Amino acid sequence: MKKVILFCSLVVLVFSAQAQRLNPVKWTFESVKKADKQYEVVLTATVEAPWHIYSQTVKKGPIPTTVTFKPNPLVKLSGSTKEIGKLESNFDKNFDAVIGSYAGKVQFKQAIVLKAASKTKLTGSIEYMVCNDEKCLPPVSIPFEVTIQ
């Protein structure tokens, strides 16, 4: 009887550990030089099917994707963070509303200007939420760091 209880406990532990590791979004972070002292910070999300990530402009329902940059005295943000990808506006039964989201791949691009010609790092975080047709995962906030040179 003890072996059966131990076996069942281990099975539950293994399945709960795998459920906690569900992460259908992979991120990459880079900077691209555009001109003298002008760069673009590119945050790229690759979203596994059938999941989707939400736009920054979502007003009702899920947590919108939010990019936050920590202040850096050598860096000036130029404009707002732009979304590059195929925006799909569909009825989302999870939230009973038409909502903009991305499947597959989406990039969040932020133009920056260096105040002085020097190497620095830009840090921040990106908060996002993913859903599929049946469920949503809790919002996640991950830090990032990009070298500007």
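Me: Read along the sequence, what pattern does the chain follow?

Reply: Quick ground rules: this is a predicted model, where local features need pLDDT of at least 70 and side-chain atom pairs count only at pLDDT 80 or more, while totals for chains, interfaces and linings use all residues. Residues are numbered from 1 along each chain as its sequence is written, and side-chain values use heavy atoms, with hydrogens and water left out. The chain has one helix and 11 strands, taken as DSSP runs numbered from the N terminus (helices are H or I, at least four residues; strands are E, at least two). Read in sequence order, that gives α-β-β-β-β-β-β-β-β-β-β-β.

Me: Which strands are the edges of the open sheet?

Reply: Four strands make up this open sheet, with antiparallel pairing and the order 6-7-3-10; two strands count as paired if DSSP finds at least two bridges between them. An edge strand here pairs on one side only, which leaves strand 6 (88–92) and strand 10 (130–131).

Me: In strand 7, what is the bridge partner of N90?

Reply: Strand 6 runs antiparallel to strand 7 (residues 97–102), and five bridges join the pair. For N90, the partner in strand 7 is I99.

Me: Which strand gives the most to the lining of the largest pocket?

Reply: The pocket holds about 220 Å³, and 17 residues line it, with H52, N90, D92, S101 and D133 nearest its centre. On a 1 Å grid over the protein atoms alone, a pocket is an open set of points where a 1.4 Å probe fits, with protein on both sides within 12 Å along at least five of seven lines; lining residues have an atom within 4 Å of a point, and the volume is the space filled by probe spheres set on points joined across faces, edges and corners. Strand 3 (52–54), strand 6 and strand 7 each give two or more lining residues. The top contributor, with four residues, is strand 6.

Me: By class, how many residues in that lining are charged?

Reply: Asp, Glu, Lys and Arg count as charged; Ala, Val, Leu, Ile, Met, Phe, Trp, Tyr, Cys and Pro as nonpolar; the others, Gly among them, as polar. The lining has eight nonpolar and five polar residues, and the charged ones number four.

Me: Is K37 buried or partly exposed?

Reply: K37 sits in the loop between strand 1 and strand 2 and has a positive phi of about 65 degrees, although it isn't a glycine. Buried means under 20% relative accessible area, exposed over 50%, and partly exposed in between (1.4 Å probe, protein chains only). At 30%, K37 is therefore partly exposed.

Me: What is the relative accessible area of D96?

Reply: D96 is another non-glycine with a positive phi, about 55 degrees, and its place is the loop between strand 6 and strand 7. D96 is exposed, with a relative accessible area of 56%.
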